[in-house]
Amino acid sequence: MKNLWVFLLVLFFSPVYAQYQLDIINAGSSWKYWDAGFTVPDSANWKTSTSYNTGSWGTGNAPLGYGDPVTTTIGYGGNPTNKHRTAYFRSQVTLTGYLDGGDTTISHPCAIYKLRVKRDDGIVVYVNGRIVFRDNIPLPFGFHTYAPLVTEGDTWQEIYIDPHIFHIGDNIIAVEVHQQANDSSDLFFDLELKAFRTLPFTQNAIIRNTDSWKYLDNDSDPGATWKNVGFSDASWLSGLGEFGFGEGDETTIINAGFITTYFRKTFNITSLDDFYRLRMKRDDGIVIYINGVEAFRENFNTYETISKATLASNAEDDGNVWNEIFLKNTGFVVGQNTIAVEMHQVSTGSSDLSFFFEIIGMKTATTFVTRGPYLQRAAPTSIKVMWNTSVASIGQVKYGTDPNNLSSTSSPTPSAIDHNVTLTGLTPNTKYYYSVETNTTILERTSDNLFITPPTTGIEKKTRIWAMGCFGSGKLPQRQVQERFLEQVHNNYVDMFLQLGDIAYADGSESDFQKNYFQVYQNYRTMKQTPIYNALGNHEYCNGTCYGNFAGIASKNIFETFMAAEAGGVASGEERYYSFNHGNIHVISIDAFGTESGTNFHIYDAGSLQKQWLINDLAANTQKWTIVIVHAPPYSKGKHDSDNPPAPGHNTEPEMIGVRSLVPLFDQYNVDLVLGSHSHNYERSKLIKNHTGNSDSYVPATHEVIGTNGKYDGTALNTCLYNKQTANKGTVYAVVGSGGRLETGVSSPWPHPAMAAAYDVTVQGSYLIEIEGSRMDVSWVTIDDVLINGDPIVKDRFTMMKDINLTAETVPVAIGIPTITLTAPWSGTFMWSNGATTQSITVAVTNTSYTVTDYSIACLSKIFTITTCPTINTLTNPITSGVLKYEVSQTLTATNIISSGANVSYDAGKAILLNPGFLVNNGSIFKAYIDGCGNF
């Protein structure tokens, strides 16, 4: 059986954008070759290592082989009836830049890679040690494996390669060519490798990553036929993806301690697609069978026969990264298909296992998505879906809460390239799946096409936010920042993407957005499922040449904002600045660079309409958390200096000084976090207030609300969190201009004295903000190459909590109640005086105290004192004299009379009810307390 497997990455393009091409390896290029005997090359490193010694290899130009017209004739041994079965070829190529108009270099993964080969008979192609193409060679295979079929090398075969396999720097292209028989008359090899920007296709999920699978995780051997069509898996367990253990993000937890776990799924195909995109997270080794035939293996040797006891090599990404392979339709059939997967551990004591899998069918098409889909204006009951197509077409969105039954359909749009659909009548805090379609064709319906509506305003829900600015370069660091962020957030949903300006260099033009924004993020889930909110930067305004012409900038036609308070806040009536609520979070986007029509006022000018709107919006806000996004930060000593010095080489920065003039408003209205960029570095302040001058006027004792750095890692008191109380106002200011565009230079003195952390442009990264209830955790996730426990380096983090009640509390308990539950008023870590480490403890009722802290250094601490109380709760008898005190644990009800001369106190834990019949006569003293017994 001939197995043709194709690997590719597809990026979208519109006909108005050129499809640039770069030749990396041309036909007829020079190759190293190994033809020295009935052996493989002397080291396995020949496929991977740039330092591998090829001194004993031959060198020649393609085509290489024998028996056919070739440029370089290679050897096959001394016996024409017993020739070498396999020949080996190797080339090293260097990628140093990125593919663009007029450029001559490329970058991972800004392009697709097209591989063209001529081969006789079977062939295997590796890129950096990974198989990217295998034709006419079965698995497993080795030097002695014959190609099953006779082929001729006179036609080019075209395939596409997932560009994540390539990297900047040196890359190894390695090839094996196998003969069909030991007396074969000829061998032929030539290869081309080209870089392209795009390939058009439609996408439709066949297996979704959250679908149900059958699985076997009890260490039993299912037998040789378990992978075949028709095998009975009725006794196997069923579960939903993701499968695994040890990571904390699994939907179905499988048993640990075994080498191999087996998975099976049967599915139907109504018509064959051109390609099939298989996406997987796997830890450690994986083998995939389609209708009983092995299609792919990873983290195993290609030549080994795999059994239940076979250990895998380690998955370096720890199963946190989506890996993609692209297969030709050979292997699939119309009708019922079976896919079988076996997952192997690196050892029986492995701490985790991950299996997450999907298949997407792809077809080349005239109408396909060139931009998006992307989400705008997410409200509890509505959301906007936007996308562009390659040609004008009718557009519609199908959506629903069941991914296999998109039961609702939007009204079709008029035929156009730009599509803009608002979905209404949605349920708050609900996951919806969607597809974008024409009136006849599904354009895109994958596992990534989903969204979760925001909760009703004021409702507390864990919210994850991605934030960064200055990233739209189209170069390698921009890609790496996103990939590391997704590794950090795992499979968790990201509720919003706060873009801090300068997101499409150089000029924020339509073509800049297409090339350096959409094509970079096009195939990642962040664009398809996370609503986008932006603040305008100077590069959105034509690189600073059209500040007063908002109507003429490309960004206006690409993004839509909350002009009419559709999700809360105060309506601005402007697209340049706006606000919205997401649960208990209020987000405000202000424009520091644009000017108002007619007056040319900036936000910081007296009489500015934007400034008055900001004041009104802040005054009306009632949410627990407030975040402001703006491109120009009030404090920075990066290349853009908020001190605005007149030194040569420094730009004047009236916008930064102008935003600093708004600090009194941020203080007055209790803003928690102000996010900016502009400087292409990272800076993060302490919790500060009332600083409106240059850096030399900063006084820690005056301007720092809390003197710690907020990192909250339990190491020292100066790392304690920011415990922010209503009367203890202050704001953290961050410059997150590290999203992927390198622009060297910082200002002196570096860093700004208000900063708790600062890194220059050599370190790039983005923010992960997590808010739940009264706690906010912020992590700066970088692209540092060093990993800790499989996670990207978080070079800075801080924690803020709001209105945490740490006042000592007396807990009244009625006599006779045996136990009481005490709960620490924060989320995080807990150390109780009785040794417990959970947030809540249940203890016996005795007159005693318990203390809970967060760490041994006690950044947070609270004392609970348990006091037993009488069970009396109703008073009806008259009180005629004496000094008396009545205490109860909960509610005391009184209908009695207090006579003249009596001194009486009623003390209850929750309420005192004075019902008709209760009377206090003249000359008596009566007191009531709602604080429980023991606190008189």
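**Salt bridges in a predicted model**

Good morning. I shall begin with Lys 528, which counts as buried, at 2% relative accessibility.

The partner of Lys 528 is Glu 444, and their side chains meet in a salt bridge at 2.8 Å, N to O. Glu 444 belongs to strand 32 (residues 442-445) and Lys 528 to helix 3 (residues 525-529), so this pair ties together parts 84 residues apart in sequence. Glu 444 is likewise buried, with a relative accessibility of 0%.

How many salt bridges does the count come to? The count is 34. One of them joins the side chains of Lys 194 and Asp 23, at 2.7 Å from N to O. Because Lys 194 sits in strand 13 (residues 187-196) and Asp 23 in strand 2 (residues 21-25), the contact links parts that are 171 residues apart in sequence. Lys 194 is buried, at 11% relative accessible area, whereas Asp 23 is partly exposed, at 38%.

I turn next to Glu 298 and Arg 282, whose side chains form a salt bridge of 2.9 Å, N to O. Here strand 22 (residues 293-298) supplies Glu 298 and strand 20 (residues 275-283) supplies Arg 282, so the parts tied together are 16 residues apart in sequence. Glu 298 is buried, with a relative accessible area of 13%, and Arg 282 is buried as well, at 4%.

Thank you for your attention.

Note on methods. Residues numbered from 1 in each chain as written. Predicted model: local features only at pLDDT ≥ 70, side-chain atom pairs only at ≥ 80, totals over all residues. Heavy atoms only, no water. Salt bridge = Lys/Arg side-chain N within 4 Å of Asp/Glu carboxyl O. Helix = DSSP H or I, 4+ residues; strand = E, 2+ residues; numbered from the N terminus. Buried < 20%, exposed > 50% of the residue type's maximum accessible area, 1.4 Å probe, protein only.
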